[in-house]
Amino acid sequence: MRKQVTTAQIRQHSSNGYKEKGMNKVGTRQIETGKIIGNISVVQVREDIGEALIGYCMSREYWGHEYMPEALKAVIDYLFDVAGMNRVVASHDVNNPKSGRVMQKAGMKYEGTLRQAGHNMQGIVDLCYYSVIKSDREQQ
Ligand SMILES: CC(C)(COP(=O)(O)OP(=O)(O)OC[C@H]1O[C@@H](n2cnc3c(N)ncnc32)[C@H](O)[C@@H]1OP(=O)(O)O)[C@@H](O)C(=O)NCCC(=O)NCCS
């Protein structure tokens, strides 16, 4: 099946960014054109528990093709298999359920909603948290 995003490039970018800065920003690249259409970032690492907190966004004109779930899966694979993480976590504004759909499609599990735990253009917002832990993957 044709890949929409280039997993090999995601791994390469991840590797370079992680080694150089301890965090990284990975381009989501459309294979037909090679154009970067979004990004996924590791925004925080907790070394004590092997946790990476990730965030992502993509240009609106490319929404709806499942590019982001595919790219997110590749980054999650990288974080477990190469960077040696034990837990990958992400959150979204409770009023932005489409972002939660991306997390679900990438195999992340809903953990709960923290009240007034985030801040964005809408002000202070409730955040829904999703995660994958290493043992989830071992069960698959
Ligand atoms: C989340 C985001 C990356 C979507 O990625 P994507 O590649 O379009 O993902 P999908 O194609 O799987 O679509 C996910 C959901 O978005 C919604 N969606 C898809 N296309 C859409 C469109 N054109 N307009 C509005 N919503 C749309 C749907 O609810 C879809 O879920 P469904 O497949 O169950 O119907 C994009 O919405 C985005 O950049 N959002 C802003 C940043 C953000 O929310 N970041 C999360 C914080 S970490």
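How many helices and strands are there in the protein chain? There are four helices and six strands, where helices (H or I, at least four residues) and strands (E, at least two) are DSSP runs numbered from the N terminus.

Before the close-ups, a word on conventions. Residues are numbered from 1 along each chain as its sequence is written. The model is predicted, and local features need pLDDT of at least 70, side-chain atom pairs count only at pLDDT 80 or more, and totals for chains, interfaces and linings use all residues.

**View 1. The protein chain as a whole.** From the N terminus on, its elements run α-β-β-β-α-β-α-β-β-α. Of the 140 residues in the protein chain, 26% are buried; a residue is buried if 20 or more other C-beta atoms lie within 10 Å of its own, exposed if 12 or fewer, and partly exposed in between, with C-beta atoms placed from the backbone. Among the contacts with a separation of 6 or more, 52% join residues 24 or more positions apart. Two residues are in contact if their C-beta atoms, placed from the backbone, lie within 7 Å.

**View 2. The shell around the ligand.** Here you can look at the 19 residues around the ligand, of which Trp63, Gly64, Met68, Lys98 and Ser99 come nearest; a residue is near a molecule if its C-beta atom, placed from the backbone, lies within 6 Å of it. Two or more residues of the shell are given by each of strand 3 (51-58), helix 2 (67-81), strand 4 (87-93) and helix 3 (97-105). Helix 3 contributes the largest share, five residues. Sorted by class, the shell has nine nonpolar, six polar and four charged residues. For this sorting, Ala, Val, Leu, Ile, Met, Phe, Trp, Tyr, Cys and Pro count as nonpolar, Asp, Glu, Lys and Arg as charged, and the others, Gly among them, as polar.

View 3. Strand 2 (36-46) pairs with strand 3 in the antiparallel sense over eight bridges; two strands pair if DSSP finds at least two bridges between them. Four residues lie between the two strands of this hairpin, and Gly50 in the turn has a positive phi of about 65°. Gln44 stands opposite Leu53 in strand 3.

**View 4. Gly55 in strand 3.** Not counting residues up to four places away in sequence, Gly55 touches Ser41, Val43 and Ala90. Leu72 is 17 residues from Gly55 along the chain, and their C-alpha atoms are separated by 9.5 Å.

View 5. Strand 3, helix 2 and strand 4 make a right-handed β-α-β unit; right-handed means that, with the strands pointing away from the viewer, the path from the first strand over the helix to the second runs clockwise. Strand 3 and strand 4 pair in the parallel sense over three bridges, and Ala52 has Val88 in strand 4 as its bridge partner. Strand 4 also pairs with strand 6 (123-133), in the antiparallel sense over seven bridges. In that pairing, Tyr130 of strand 6 is the bridge partner of Ala90.

**View 6. The largest nonpolar core.** Which members of this core touch the most others? Of its 25 residues, they are Ile54, Ala71, Leu72, Val75, Ile76, Leu79 and Val88. Helix 2 provides the largest share of this core, ten residues. A nonpolar core is a set of buried Ala, Val, Leu, Ile, Met, Phe, Trp, Tyr and Cys residues joined through C-beta atoms within 7 Å. Leaving aside neighbours within four places in sequence, Ile54 is in contact with Ile40, Ser41, Val42, Val43, Val75, Val88 and Ala90. Ile76, in helix 2, is buried because 21 other C-beta atoms lie within 10 Å. Beyond residues up to four places away in sequence, Ile76 touches Val88, Ala106 and Val132.

**View 7. Two residues with positive phi.** Most residues other than glycine have a negative phi. Glu66, in the loop between strand 3 and helix 2, has a positive phi near 60°. Gln116, in strand 5 (residues 109-120), has a positive phi near 50°. Glu66 counts as partly exposed because it has 14 C-beta neighbours inside 10 Å, whereas Gln116 counts as exposed, with 10.
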